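Visitor: Please take one part of this model and look at it closely. I want contacts and distances first, then the packing elsewhere.

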Amino acid sequence: MHTMVITGGTDGMGAALARHYLAAGERVTVIGRSRSKFDALVTAVSCVDPSAAARAEFVPADLSLVADSRRVVDHLLAHHERIDSLVLAASFIRQRRQTTTEGHEASWALFFLSKYLFVTGLAPLLRVAERPVIVNTAVPGARVDAVNFEDLEMVHEFTFRRSNAQQRRANELLGVLAADGIPNLAYITWGPARLVRSSFAGEVGGVMRITAAVLGRLLGQRPEAAVGPIIRIIDDPSPGRAAYRGATERALNVGRQDGTDAVRLAAAVEEGL
Ligand SMILES: NC(=O)c1ccc[n+]([C@@H]2O[C@H](COP(=O)([O-])OP(=O)(O)OC[C@H]3O[C@@H](n4cnc5c(N)ncnc54)[C@H](OP(=O)(O)O)[C@@H]3O)[C@@H](O)[C@H]2O)c1
């Protein structure tokens with residue numbers, strides 16, 4: 001039986017993956033904020049397979065808080081011997097700059113700091129898996145110079161676009177660190193081929209909300225369909241880094257100084273945590 005951990009596993013694509021792997025007989029730990037959503041997904045799978053509840057675990061957390069991310073990592077280290085697959089899919093879209101109660105920029109905290117803590121902190125459990133895989137749902141392909149090392153939390157000149165590009169690039173650099181530290185790891189940055197009809201959790205302006213709702217309804221994929229390619233990657237992972245949009249592998253955006261940038265990013269993050 002494989003063990004998988006899914007952040008943002010209570011809704012959207014994370015929940016679709018949780019349902020799939022519980023139905024497939026795997027052990028699944030879901031991290032999210034809503035216990036009722038978790039209970040509903042376990043109940044749905046249990047109708048088909050009554051053993052699902054015993055293989056499902058919920059760890060409630062606000063992953064925009066460093067303390068919560070650390071608590072979850074410590075919990076997983078204490079209660080699991082191995083993690084075969086880690087899916088990073090927690091999402092809450094903020095169009096404007098906000099700070100958390102810990103003083104971090106909220107999007108950076110959720111879309112990068114938390115992922116950094118999971119990937120680096122859970123390395124001992126991933127290292128002992130036969131074919132470890134991390135699927136990071138950060139859409140690949142951001143410019144190699146998208147990280148502003150001088151102002152990672154965008155105190156100056158925050159825009160949604162720059163913040164989004166920076167976290168996507170940082171998550172690709174996180175793959176450089178992860179692949180160095182976990183031999184045999186498959187580290188995938190993945191984005192859907194087109195819009196997915198998910199919960200679109202977030203605080204966004206009316207235009208973005210209506211556009212997402214209308215386009216989602218007209219053109220969006222169901223989460224169950226969108227995660228098909230992720231399931232194929234998890235079920236047969238190839239060691240190394242790779243980038244996907246839907247089922248299509250894309251060339252990695254490789255910068256001349258990715259190694260240096262990854263180390264610089266880790267040092268800056270560690271200093272600010
Ligand atoms: N949907 C798309 O078209 C699309 C496009 C490109 C990329 N993506 C990426 O794909 C991934 C999944 O997106 P989705 O649209 O399927 O997600 P979604 O339906 O919006 O669900 C978001 C998930 O994240 C959790 N979450 C939100 N804030 C959290 C927090 N502070 N702490 C812990 N958990 C939190 C939610 O948990 P609770 O509900 O329990 O609070 C929920 O499980 C994300 O990384 C997203 O950026 C999606």
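Guide: Start at the ligand: one of its oxygen atoms is 3.1 Å from a polar backbone atom of Ala 201. That is a polar contact (a pair of N or O atoms within 3.5 Å; within protein, one must be able to donate a hydrogen and the other to accept it, and residues adjacent in sequence count only if both atoms are side-chain atoms). The model is predicted: local features need pLDDT of at least 70, side-chain atom pairs count only at pLDDT 80 or more, and totals for chains, interfaces and linings use all residues. Residues are numbered from 1 along each chain as its sequence is written, and side-chain values use heavy atoms, with hydrogens and water left out.

Around the ligand are 28 residues, each with a heavy atom within 4 Å of it. Thr 10, Ser 34, Lys 37, Thr 137 and Ser 198 come nearest.

Now the packing of helix 5. Helices are DSSP runs (H or I, at least four residues), numbered from the N terminus. Helix 5 and helix 7 (residues 160-181) have axes 10 Å apart, at an angle of about 5°. Axes are lines fitted to C-alpha atoms over the stretch in contact, and angles run from 0 to 180 degrees between N-to-C directions. Therefore helix 5 is roughly parallel to helix 7 (under 35 degrees). Contact (heavy atoms within 4.5 Å) involves residues including Trp 108 and Phe 112 of helix 5, and Ala 170 and Leu 174 of helix 7. The residues divide into nine nonpolar, five polar and one charged. Nonpolar covers Ala, Val, Leu, Ile, Met, Phe, Trp, Tyr, Cys and Pro; charged covers Asp, Glu, Lys and Arg; the others, Gly among them, are polar.

Note on methods. Helix = DSSP H or I, 4+ residues; strand = E, 2+ residues; numbered from the N terminus. Parallel < 35°, antiparallel > 145°, perpendicular 65-115°, else oblique.
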